[in-house]
Amino acid sequence: MADVTMAQALNGALRRALSDDDRVLIFGEDVGKLGGVFRITDKLQADFGEDRVFDTPLAESGIVGISVGLALAGWRPVPEIQFDGFSFPALDQVISHVAKYRFRSAGTVSLPIVLRIPCAGGIGAAEHHSESPEAYYAHTAGLKVVIPSTPIDAFNLLLASIRDPDPVIFLEPKSRYWSKESGELEPNGLPIGRARVLREGEHGTLVTWGGMVPRCLLAAEAAAEDGVSLEVLDLRCLVPLDLDTLIASARKTGRVVVVHEAPMTAGFGAEVVARVVEDAFEYLEAPVLRVTGYDTPYPPAKSEEYYLPELDRILRAVQRTLTF
Amino acid sequence: ALRDDDYIFPSYRELGAAVVRGIDLVRYLHFYRATWHGGTYDPDEHRFGMVSVPVGSQILHAVGYAMGMRLDNKPVCSLVYFGDGATSEGDFHEACNFAGVFKAPVIFFCQNNGWAISVPLARQTAGKIYRKAEGYGFPGVRVDGNDVLAVYRATREATERARADGTPTLIEAMTYRMGPHSTADDRSRYQPEDEIERWRSLDPLFRFRKYLEIEGAVDHTFVEQVESDAGELAAEIRKGIVGAPSRDAREIFEWTFTELPPHLARQRDEVAAALEEEGAGG
């Protein structure tokens with residue numbers, strides 16, 4: 001089996017969606033000839049034509065707003081927002097319409113829109129290009145929020161998102177775009193809403209998603225050298241959250257540390273902690289901890305290594321739960 | 001001026017258009033009665049979108065819909081209603097820009113009634129609304145919004161342009177807000193009384209009736225019949241909506257997603273238990 005990068009896997013999923021369903025449309029800023037600033041839509045316009053894959057004016061609210069109308073007209077829009085930090089002008093359309101359309105129409109009209117957003121930091125990007133907006137979307141009722149961390153998951157979850165009858169915010173961790181995995185780009189039927197145990201362990205669980213997954217795996221490896229066996233859980237979807245897998249792991253290990261890039265306060269980690277405390281309290285051996293970005297704006301690229309959870313911070317938190 | 005399969009995107013003031021589209025007004029008025037948000041009619045069946053509240057946000061939906069029709073090579077256009085205040089919102093400008101670039105067969109229908117709650121037009125724009133179309137590369141027309149036939153003609157011409165080659169049109173219909181914005185409004189604080197009086201004499205219903213009478217198209221009996229029919233219909237609607245029961249609170253969970261996710265199933269069970277308890281207690 002050949003190695004594929006997440007960027008190739010996402011391109012493969014879009015290509016497959018375009019050819020399987022002639023109602024799928026891809027549009028956004030620079031997605032046509034250029035193939036997107038990350039080349040996720042590489043060659044799709046050349047192969048599927050300018051009606052199916054097209055550049056739009058530089059206007060994010062417009063991109064999401066026309067998606068609503070296109071969906072009402074029977075199309076399946078898969079718009080791209082170029083960067084996390086530029087998804088905010090579209091929040092009104094996302095919150096007021098995309099998330100609420102089925103609800104407001106009393107279940108009559110669903111909007112099958114997949115909003116793709118490259119997200120988060122760790123790639124030395126400029127200001128406004130490293131935001132982690134997942135909590136905004138997860139907090140908005142009516143949206144599904146998907147964030148893969150590996151190429152094969154990215155391929156399958158993007159296909160599942162495009163097939164979904166409801167709107168999906170599909171977050172693509174930029175730091176994982178060039179990560180490689182050996183596997184075939186063939187649909188494996190993975191549905192939205194299933195977490196994945198990437199490594200089994202006994203003494204504690206690291207719960208994470210997106211760009212922090214590889215660091216948590218490294219932390220688990222480092223801990224293993226000291227005889228500490230850590231389970232690593234990749235949530236993959238924040239909404240719906242796979243409570244069964246999360247709670248089972250918390251009950252099994254009794255110690256949970258949540259790791260994410262976004263700032264701590266009211267981050268999605270807080271939700272994970274609350275769920276674990278609600279449903280696994282009597283199994284817990286220690287407080288559930290969070291290792292996250294700090295409660296500051298995202299720093300300049302030269303300082304991002306101090307901001308993002310790094311190995312020692314993760315291991316220190318694990319140590320705190322072990323010695324509690 | 002529209003064909004039946006053209007799609008209308010309303011703001012929250014399009015009762016008249018809803019009537020024309022055959023929407024059951026009791027269902028439409030659920031929104032105003034706070035029994036349901038979007039109204040409980042089927043938007044697709046009536047080609048009439050849901051009531052849209054965030055000012056100007058529905059304009060983009062009309063453009064997307066028109067783009068979708070063009071991609072399907074269907075000779076269908078969309079018409080979107082909004083007010084003068086909405087032309088200050090970014091979505092209005094993004095919508096006009098997209099429509100011009102993609103040649104989306106859409107009609108932007110601005111009801112310029114001079115007021116956005118208490119703020120007059122001069123605080124919304126230093127220019128003329130219909131002339132903004134020029135900047136986006138398509139025609140803008142200003143029409144006497146209280147002249148039924150003038151509005152009809154401007155709209156019909158706009159649909160012809162839209163169907164011919166996807167040219168959008170911005171129609172600025174000049175009118176005046178004769179009532180308060182809402183029951184919480186106090187228009188005596190900002191609207192000059194003489195202005196209201198001047199516009200009262202330009203009432204479009206009165207003018208159109210006069211025209212029809214002068215032309216001999218209708219007689220006194222016809223007008224009386226219409227007025228009495230309207231009174232009866234209004235009474236029937238009032239009865240229907242005032243007596244409308246609240247909806248089953250469990251529905252909010254069913255309608256959020258197509259398939260009920262586990263966390264919502266839990267929350268629905270909580271409400272279901274509360275309803276059962278109420279039922280048992282009552």
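Helices (H or I, at least four residues) and strands (E, at least two) are DSSP runs, numbered from the N terminus. This is a predicted model, in which local features need pLDDT of at least 70 and side-chain atom pairs count only at pLDDT 80 or more, while totals for chains, interfaces and linings use all residues. Residues are numbered from 1 along each chain as its sequence is written, and chains are lettered from A, with ligands numbered from 1, in the order in which they are written.

Among contacts in chain B between residues at least 6 apart in sequence, 70% join residues at least 24 apart; here two residues are in contact if their C-beta atoms, placed from the backbone, lie within 7 Å.

Helix H5 of chain B covers residues 90–102. Buried residues of H5(B) include Asp91(B), Phe92(B), Glu94(B) and Phe102(B). Their cover includes H3 of chain A, along with helix H4 (58–71) and strand S2 (78–83) of chain B, among others. Just after H5(B), Lys103(B) takes a positive phi of about 50°.

The two chains meet in a contact that takes 36 residues from chain A and 35 residues from chain B. On the side of chain A, helices H3 (60–72), H4 (91–98) and H5 (101–104) each give two or more residues, and H3(A) has the largest share, with nine residues. That side divides into 16 nonpolar, 15 polar and five charged residues (Ala, Val, Leu, Ile, Met, Phe, Trp, Tyr, Cys and Pro count as nonpolar, Asp, Glu, Lys and Arg as charged, and the others, Gly among them, as polar).

How do helices pack across this contact? The axes of H3(A) and H4(B) come within 6 Å and cross at roughly 55°, which makes H3(A) oblique to H4(B). Axes are lines fitted to C-alpha atoms, for helices over the stretch in contact, with angles running from 0 to 180 degrees between N-to-C directions; angles under 35 degrees count as roughly parallel, over 145 as roughly antiparallel, 65 to 115 as roughly perpendicular and the rest as oblique. Residues making the contact include Gly62(A), Gly65(A) and Ile66(A) of H3(A) and Leu60(B), His61(B) and Gly64(B) of H4(B). By class, the contact has nine nonpolar, seven polar and no charged residues.

Within chain A, helices H8 (residues 213–225) and H12 (residues 311–322) have axes that come within 9 Å and cross at roughly 60°, so H8(A) is oblique to H12(A). This contact has nine nonpolar, no polar and one charged residues. Leu206(A), in strand S10 (residues 204–208) of chain A, counts as buried because it has 31 C-beta neighbours inside 10 Å. Beyond its neighbours within four places in sequence, Leu206(A) is in contact with Cys216(A), Ala219(A) and Ile314(A), among others.

Terms used:
Expected span 1.5 Å × (residues − 1). Buried ≥ 20, exposed ≤ 12 C-beta atoms within 10 Å, placed from the backbone.
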